[in-house]
Amino acid sequence: MSSISTLKPSDLDAFRRLRIPPELLETAAVCRVTDVQARENWGIRFDPGADLSGIIFPFFDPVTGHRVTALLRRDHPDLDTEGNPHAKYLPPWGDNRHLYFPPGAAALLADPTIPVVFVEAVKSALALTALASRSGRSLLAVATGGCWSWRGKVGIRATPTGGREEERGPLPDLSLIRWEQERPAIIVFDANIASNPDVRAARWAFAQYLAAMGAKVLFADIPHDSGANGPDDRSEE
């Protein structure tokens, strides 16, 4: 059974509103799962009483094509005391963090003339990939998963007291992209960057890292008063 056949008509309608076509969803192996499938087939672990039904976004290594992790978008996430969704997105238990590379990324990694656009959400990367296809342009859209999620566990190091601690740094996935010749790297984080100092700090730290790698770094902001949160909300423009 193809992945697209597991999606509900309402799922397809939601993606169409972002101008993400069914063909791209099929290539990206986006699929719908039940609570049992999320737990047993994808290794998602959470409160046994929680409903884990939702949509799975698989992550593939753009070089080998092997699946390296996934991300579940829950239909019915828990709500915090203020009514905001909590644990809306969940990875498989114990998986290492990875960047999300959409279909077609393998052919774009090594060409330093093709801009790389970093976004937070997977659906933003898919929406920009679809936009590039419609407009006949070449760009590599990459999702970090969050403003600081371009960093993660990269090893274990010894502490001065003789113990061991987790070492964190830029994800190894970033080294898959050829950065020489001042390759354009455009960071487009979500609209809350206008009001959240931590998001601005994350963007600045990421920009410094990319510049040190040889990229020409540019920022693009989503107007905070536009009603849009991420670039996928404005992909029709």
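Which residues does Ser149 touch, not counting residues up to four places away in sequence? Ser149 touches Arg97, Thr144 and Leu171, where contact means heavy atoms within 4.5 Å.

Good morning. The structure before us is a predicted model, in which local features need pLDDT of at least 70 and side-chain atom pairs count only at pLDDT 80 or more, while totals for chains, interfaces and linings use all residues. Residues are numbered from 1 along each chain as its sequence is written, and side-chain values use heavy atoms, with hydrogens and water left out.

Let us remain with Ser149. This residue lies in the loop between E8 and E9; helices (H or I, at least four residues) and strands (E, at least two) are DSSP runs, numbered from the N terminus. With a relative accessibility of 13%, Ser149 counts as buried. Here, buried means under 20% relative accessible area, exposed means over 50%, and partly exposed lies in between, for a 1.4 Å probe and protein chains only.

I turn now to the aromatic rings. A pair of aromatic rings is described by the distance of the centres and the angle of the planes. Rings of Phe, Tyr and Trp (its six-membered ring) pair if their centres lie within 6.5 Å; planes under 30 degrees apart count as stacked, over 60 as edge-to-face and the rest as tilted. Across the whole structure, a search finds seven aromatic pairs. In one of them, the rings of Trp148 and Trp150 have centres 6.2 Å apart and planes at 25°, so this pair is stacked. Trp148 is partly exposed, at 32% relative accessibility, whereas Trp150 is buried, at 3%.

Trp150 also forms a stacked pair with Phe206, at 4.7 Å centre to centre and 15° between the planes. This pair links distant parts of the chain, 56 residues apart: Trp150 is in the loop between strand E8 (140-143) and strand E9 (151-158), and Phe206 is in helix H5 (residues 197-213). Phe206 is buried, with a relative accessible area of 0%. Ring pairs join Phe118, Trp148, Trp150, Trp179, Phe206 and Tyr209 into a cluster.

Phe206 brings us to helix H5. Which residues of H5 are buried? They are Val199, Ala202, Arg203, Phe206, Ala207, Tyr209 and Leu210. Seen down the axis of H5, the buried residues fall within an arc of 165°, so they line one face of the helix; the arc is that of the directions from the helix axis to the C-beta atoms. The face turned away from the buried side carries the exposed residues Pro197, Trp204 and Ala212. The buried residues of H5 pack against strand E7 (116-119), strand E10 (164-170), strand E11 (184-188) and strand E12 (216-219).

Finally, a sheet. Four strands form an open, antiparallel sheet in the order E1-E2-E3-E6, where two strands pair if DSSP finds at least two bridges between them. Strand E1 (31-33) and strand E6 (89-90) stand at the edges with a single partner strand each, so one side of each has no neighbour in the sheet. Three bridges join E1 to E2, and Arg32 has Ile55 in E2 as its bridge partner. Seven bridges join E2 and E3. These two strands form a hairpin with six residues between them, and Gly65 in the turn has a positive phi of about 80°. Six of the seven residues of strand E2 (residues 54-60) are buried, so E2 is largely enclosed by the rest of the structure.

Thank you for your attention.
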